[in-house]
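Please open the model in your viewer and keep the sequence beside it, so that each selection can be followed in both.

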Amino acid sequence: MSSVPHGAPVNPFAPPAGHGPGPYGAHGAHGGHVPPPPIAPDGPGQVPYGYPGGHGFPPGPGVGGYYGWPGMQALPSNGMGTAGLVLGIISAVIFCMWPVAIVVGVLAVIFGAIGMGKARRGEATNRGQALAGVICGVAGLVLSLVMLAFVIATA
């Protein structure tokens, strides 16, 4: 027998009648016993994700006795090859300003050579950029020296 009078509107948001305190009764949504959560594969009390130790940040030199993550390789250091390429292009473009272009060309050759050495050792992945930096640096140097000879010849 229902406690709602016949013909009265039924509240669809009302809790089920006769199931104890709380919106879902004393024993869960369907009136049965709620089991405890399962134990994690690593055992009880283990942090399932996050950094080791659960501190919220990666371990540094003073935390845990090591730096970085084991098994990870270092990122390639492509800066020298890229700098050589950029300086080589600048040297080849501004060869008319020969004093600046000579300095920039020499730096391009140096940085490009260092970048090629890093690529040869496996520390960098941009051997082509470093080689292009050396080539553009040499081209900028040659153009700048030709410009210098032209300035001296016409003076």
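**A walk through the helices**

Begin by selecting Ser-144, which is found in helix α3, residues 127–154; helices here are DSSP runs of H or I with at least four residues, numbered from the N terminus. This is a predicted model, in which local features need pLDDT of at least 70 and side-chain atom pairs count only at pLDDT 80 or more, while totals for chains, interfaces and linings use all residues. Residues are numbered from 1 along each chain as its sequence is written, and side-chain values use heavy atoms, with hydrogens and water left out.

Is Ser-144 buried or exposed? Ser-144 counts as buried because its relative accessibility is 0%, where buried means under 20% relative accessible area, exposed over 50%, and partly exposed in between, with a 1.4 Å probe and protein chains only. Next, show the partners of Ser-144: leaving aside neighbours within four places in sequence, Ser-144 is in contact with Ser-91, Phe-95, Trp-98, Ala-101 and Ile-102, contact meaning heavy atoms within 4.5 Å.

Now move to Met-80, which is found in helix α1, residues 79–93, and which is partly exposed, with a relative accessible area of 28%. Apart from its neighbours within four places in sequence, Met-80 is in contact with Phe-111, Gly-112, Ile-114 and Gly-115.

Select the whole of α1 and look for its buried residues, which are Gly-81, Gly-84, Leu-85, Leu-87, Gly-88 and Ser-91; the buried residues of α1 pack against α2 (98–121) and α3.

For the salt bridge, select Arg-121 and Glu-123, whose side chains meet at 3.2 Å, N to O; a salt bridge is a side-chain nitrogen of Lys or Arg within 4 Å of a carboxyl oxygen of Asp or Glu. A search of the whole structure finds one salt bridge. Arg-121 counts as exposed, at 55% relative accessibility, whereas Glu-123 is partly exposed, with a relative accessible area of 36%.

Finally, colour the model by pLDDT, the predictor's confidence in each residue, from 0 to 100. The mean pLDDT of the protein is 79, and 64% of its residues reach 70 or more. Over residues 62–66 the pLDDT is below 50, and this stretch has five contacts in the model beyond near neighbours in sequence.

How values were computed: Helix = DSSP H or I, 4+ residues; strand = E, 2+ residues; numbered from the N terminus.
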